[in-house]
Amino acid sequence: MSREFKAVKCPSEELSITNAVIVNENDFKDCSHVYVSTTPRSEFLFTILAHSSMPPGNMGFNASHRKWASIMLNSPIQVRPVKLNTKTQCIGTIVMEVDFFAKKGQQALTIDSDKMAAEFSMSFGGRAFTVDEPLVFRYDKKLFAARIKEVEVIDYTHVDSKGKLAGKPQVANFGLLTPNSVIVFEKLEGSLIAFTGKAKGKSTYQSIINPDWDFTKLGIGGLDEEFSGIFRRAFASRVFPPEVIEQLGMKHVRGILLYGPPGTGKTLMARQIGKMLNAREPQIVNGPQILDKYVGESEANIRKLFAAAEEEEKRCGSASGLHIIIFDEIDAICKARGSVAGNTAVHDTVVNQLLTKLDGVEQLNNILVIGMTNRKDMIDEALIRPGRLEVQMEIGLPNEHGRVQILNIHTETMRSHDKLAPDVDIQELASLTKNFSGAEIEGLVRAAQSTAMNRLIKATNKVEVDTEAIEKLKITRADFLHGLQHDIKPAFGSSKEELDVFLCQGILTWGEPVSRVLTDSALVISQIKNSDQTSLITMLLEGPPGAGKTALAAKIAKGSDLPFMKLCTPENMIGYTEAAKCQVIKKIFDDAYKSPLSCIVMDDIERLLDYVPVGPRFSNLVLQAMLVLLKKNPPQGHKLLIIGTTSRKDVLRDFEMLPLFKTVAHVSAISTCDQLLTVLDSSEVFTDKELQEVHRKLDGRWLFIGIKTLLALIDMAKQMESGLRADKLMNLLEDLNAIGYNQVP
């Protein structure tokens, strides 16, 4: 039967650390354990200890037990005696997490777990312990706090297969501690205590990976391989116990550099690495925040970042936690020494300070520095050697599988709330977003959402929202396509729109010369996609002005359907200095090297070189840059197709550029009457009678005109009345000196 008692404090500190409930010696007789409940549904098992200082009708609890059982001082509690079964409820093994009771000011301490277990067993033998129960005990003149983690009892009534009694271990919620119980101590996460001895049980080191880490919840897509590579290089050594690392004589990686185009997830990955690890709260700093106008302050800011790690390393040694420092835009403070003009040389001293902290005389083994940059080429080379920012991972544009992951992440909330229309195909959107970064894909989702919401807004004299339709709002496939067409364009990647301008009139196969060029281009495209022998393929389209070289180059580039297509044309560099033009051309090639398959169209090469026949004059700086870039092989695993066009093949030969193009295709002008009539007939502008008239007037005369020029003349003749167009076309050809009776000029 239960009785009502009043809960009070323990009479003394010494009685508190007995971890028993203090009662009056007359309240309980022939009873060692009780169930205490504050509500009908909750009962907690305690060992009782009689003491004369406790008044009758009262029970004394220490602070830890009051908090655990939700017991309020001076409140009534229900108590009923219980007798534990020594045949089925004796503890075989008990596991408890241990830390200092007062953590402040404590130094790292190594404890022999065998000796602690022996003393604990002598002090608390015969006591009942429950899973999650907090304890306070004294050992070696120090006060420790513990929490019961696991209890395994032995059932001595179990009968084995031979019919004999045999103890059977089984997991339990509580049990009775006996002299034969095995006591296993584990240090609490983040504790400065380390255990040695045969009874230390499970690993006493802290796992570097957060047990609550779930990759699917990080909100990162398309970076599976990068995460795997970083883990292998930077964190694998931290998973093993410190003694194993010491036996290997191994040092942990202390620095990671993430580089790549903007918007690909470098900052997001760095933040999630901090969440993934059992580490101190990451320090996130932007590069420019380090710099200070006062002498010496920039270097002091660097030292402050490492101060906490240094202090903990000195105090705790190998038990120190991991300190993560994340540098966003690290190129702002770590430019190559000597590259920044000025007399203060503050950038140089900041780099020197960071170098010494990462791998100087006093090496820290409890730090991880993560740097992020779009410009790896600007960073001082001493910073990226092994021992400093040792692991360098390129975070590039996501492939199609990665884009599917990113789209699923950004549309998950819409799907869960039934706001995504059934016609939205994530796989289709992934195929349509080539060269999109993760940030641009997120922008596309926002653009689609804005388009859908705009359908419910009526903007007349005032803005009105169709509130009745809000509940039915869904993001459709058309909303995503509208965003692709009008709102979001990839900053890195394809120049399809520029190429489309040159293909507005299509490609007209007016004769064998055009068919030959298209056949050669098909072979080149097949080679760039399938060949394992060649990583750099160059093709030159040469011919007279107006022959359609640029349109054919655009046709070849678009037909290749490579992930990266870029147009390098003189009209985009009007007014540029020689140095600026070299930088633009170099950036186009650098961007192309980041994609596995790339195509660059270099239109009107002689104009890119600023060539004029008077003199002759040209830009030697641009020429030398192009000679280098046309010869340079892309990085391993990457392929590059370069398509050039020129109207001055002889000039490229003089510049020693022609041999760099392995395939040279001649784009002919229209030079026969049959070729001309094919173009005129396909235009559907001229009647049969007019075509016969053109044929009659060309009889015995030479013809030489580019397809581009001819199409412009046909469009002009089209403005005339039917029946007069043939005469007008012939007049225009004569005015251009495109036909004649003598030899071709």
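1. Over the ring of which residue does the charged end of Arg3 sit? It is Phe28, with the charged end of Arg3 5.7 Å from the ring centre. A charge counts as over a ring when NZ of Lys or CZ of Arg is within 6 Å of the ring centre and within 35 degrees of the ring normal.

2. This is a predicted model, in which local features need pLDDT of at least 70, side-chain atom pairs count only at pLDDT 80 or more, and totals for chains, interfaces and linings use all residues. Residues are numbered from 1 along each chain as its sequence is written, and side-chain values use heavy atoms, without hydrogens or water.

3. Rings of Phe, Tyr and Trp (its six-membered ring) pair if their centres lie within 6.5 Å; planes under 30 degrees apart are stacked, over 60 edge-to-face, the rest tilted. The count is 15 aromatic pairs. Phe5 and Phe28 form a stacked one, at 5.3 Å centre to centre and 20 degrees between the planes.

4. Phe5 lies in strand β1 (residues 3-9) and Phe28 in the loop between β2 (21-23) and β3 (33-39), so their pair ties together parts 23 residues apart in sequence. Strands (E, at least two residues) and helices (H or I, at least four) are DSSP runs, numbered from the N terminus.

5. Phe5 is buried at 3% relative accessible area. Phe28 is buried too, at 11%. Buried means under 20%, exposed over 50%, partly exposed in between (1.4 Å probe, protein chains only).

6. Phe124 and Phe129 pair edge-to-face: 6.4 Å centre to centre, 80 degrees between the planes. Phe124 is buried at 5%, and Phe129 at 2%. Ring pairs link both into a cluster whose members include Phe100, Phe120 and Phe195.
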